[in-house]
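Here is a short briefing on how one protein model packs together. Look at the structure first, then work through the points by topic.

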Amino acid sequence: MLEEKKGRSLKRNLSSRRTSRSDVDIDDRGWSSLHVGARKGDLREVKRLLSEGLDVNILSWGPRSQGMTPLHLAAKGGHLKVMDELLENGANIDARTKGACGWTPLHSAAKERNKKAVRFLIENGAFLADDINDSRFNPPLHYCSGLEWAYEEAKKLQEESQSSGEGSSSYSES
């Protein structure tokens, strides 16, 4: 009888743990449904998931995407409206992936050579080290060949803001 009670108690504890883990479904890449929505650029789904309380900075734990946030994936895909929604809900614009390189959403957008996403992130305050070769903040250029574009974009924005006093842009996804 005592063992039966222990068995039920253990089952209850395991099932409650399972329930709390299954609150956020994770696929084989280690992505939550918010990661998937952000990568697809599905603004409606992203808004729905955020309104349900999903953590805007939830990290992926797949073998090839350790520590990626939904913002990394939206930036990679160039989904500006999704990126804006994530930032409005508190996404960390400078979140770093796990591992040696520590990529930010800006690095993800730069690697894909997505100029609109790079510009959007810079305009919204993404950190960019003064030196492109600063390995404390940037991956090696052979891993992120589009990083030069980010620096070019930052320089253009700086020149625009100096010549006009203020820079303002509107974005539309293509």
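A cavity, on a 1 Å grid over the protein atoms alone, is a set of points where a 1.4 Å probe fits but cannot get out. Grid points are joined across faces, edges and corners, and a volume is the space filled by probe spheres set on the points. The model is predicted: local features need pLDDT of at least 70, side-chain atom pairs count only at pLDDT 80 or more, and totals for chains, interfaces and linings use all residues. Residues are numbered from 1 along each chain as its sequence is written, and side-chain values use heavy atoms, with hydrogens and water left out.

**The cavity**

- The structure holds one cavity of 30 Å³ or more.
- The largest cavity contains about 30 Å³ of space.
- Its lining is made of Arg96, Thr104, His107, Phe127, Leu128, Ala129, Phe137 and Asn138. A lining residue has an atom within 4 Å of a point.
- Four of these lining residues are nonpolar, three are polar and one is charged. Here Ala, Val, Leu, Ile, Met, Phe, Trp, Tyr, Cys and Pro count as nonpolar, Asp, Glu, Lys and Arg as charged, and the others, Gly among them, as polar.

**The pocket**

- A pocket is an open set of points with protein on both sides within 12 Å along at least five of seven lines.
- The largest pocket has a volume of about 440 Å³.
- It is lined by 18 residues, and the closest to its centre are Arg64, Ser65, Gln66, Met68 and Lys76.
- Helix 4 (70–77) and helix 6 (105–111) each give at least two residues to the lining of the largest pocket. Helices are DSSP runs (H or I, at least four residues), numbered from the N terminus.
- The lining of the largest pocket has six nonpolar, five polar and seven charged residues.

**Helix 2 and helix 3**

- The axes of helix 2 (residues 33–40) and helix 3 (residues 43–51) come within 8 Å and cross at roughly 155°. Axes are lines fitted to C-alpha atoms, for helices over the stretch in contact, and angles run from 0 to 180 degrees between N-to-C directions.
- Helix 2 and helix 3 are therefore roughly antiparallel. Angles under 35 degrees count as roughly parallel, over 145 as roughly antiparallel, 65 to 115 as roughly perpendicular and the rest as oblique.
- Helix 2 passes helix 3 in a left-handed crossing. In such a crossing the near helix is turned anticlockwise from the far one by less than a right angle; clockwise is right-handed.
- Ser33, Leu34, Gly37 and Ala38 in helix 2 meet Val46, Leu49 and Leu50 in helix 3. Contact means heavy atoms within 4.5 Å.
- This contact has five nonpolar, two polar and no charged residues.

**Helix 5 and helix 7**

- The axes of helix 5 (residues 80–88) and helix 7 (residues 115–123) come within 10 Å and cross at roughly 20°.
- That makes the two helices roughly parallel.
- From helix 5, Leu80, Met83, Asp84 and Leu87 meet Lys116, Ala117, Phe120 and Leu121 of helix 7.
- Six residues of this contact are nonpolar, none polar and two charged.

**Helix 7 and helix 8**

- Helix 7 and helix 8 pack at about 55°, with their axes 9 Å apart.
- The two are therefore oblique to each other.
- Their crossing is right-handed.
- Ala154 lies in helix 8 (residues 147–164).
- How far apart are Ala154 and Glu123 in sequence and in space? They are 31 residues apart in sequence and 8.4 Å apart in space, C-alpha to C-alpha.
- Leaving aside neighbours within four places in sequence, Ala154 is in contact with Ile122 and Leu128.
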